[in-house]
Amino acid sequence: MKKAFVVLSAMLLLTLMACGGGDSTPLPTTTTTPTPLSSAKAITAFSLNGVAGTINETGKTIAVAMPSGTNV
């Protein structure tokens, strides 16, 4: 029991030492303005297992007619 306590204490001490301080220098801050994201998005092509799909942007659907017997 005493041996287990010593081993666990050593592990705890090593863990606490490894998690300690480090460099106290603050990270540099940047003042650049991020580029605004574009709202233009489009899926231009879609296929499953080599079978091309049909994209309907106005209906927001994609249809792929898989061959008969395909395990879906």
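Here are a few notes on the predicted model shown above.

1. Let's start with the fold. The C-alpha trace spans about 70 × 50 × 20 Å along its principal axes.

2. Next, the surface. How many of the 72 residues count as buried? The figure is 0%. The chain exposes about 7100 Å², and 64% of that area comes from carbon and sulfur atoms.

3. There is a nonpolar patch to look at. Ile43, Phe46, Leu48 and Ile62 together make a surface patch of about 330 Å². One of these residues, Ile62, sits in strand S4, which covers residues 61–63. With a relative accessible area of 36%, Ile62 is partly exposed, because that value falls between the 20% and 50% cut-offs.

4. Most residues other than glycine have a negative phi. Asparagine 49, however, has a positive phi of about 55 degrees. Asparagine 49 belongs to the loop that links strand S1 (47–48) to strand S2 (51–52), and its relative accessible area of 74% makes it exposed.

5. The other angle is at lysine 60, which is not a glycine either and has a positive phi of about 55 degrees. Where does lysine 60 lie? Its place is the loop between strand S3 (54–56) and S4. Lysine 60 counts as exposed, at 74% relative accessibility.

Technical notes. Residues numbered from 1 in each chain as written. Predicted model: local features only at pLDDT ≥ 70, side-chain atom pairs only at ≥ 80, totals over all residues. Heavy atoms only, no water. Buried < 20%, exposed > 50% of the residue type's maximum accessible area, 1.4 Å probe, protein only. Areas by Shrake-Rupley, 256 points an atom, 1.4 Å probe, with all protein chains shown as cover. Patch = residues over 30% accessible without salt bridge, like charges linked within 9 Å, V, L, I, M, F, W, Y side chains within 5 Å. Salt bridge = Lys/Arg side-chain N within 4 Å of Asp/Glu carboxyl O. Helix = DSSP H or I, 4+ residues; strand = E, 2+ residues; numbered from the N terminus.
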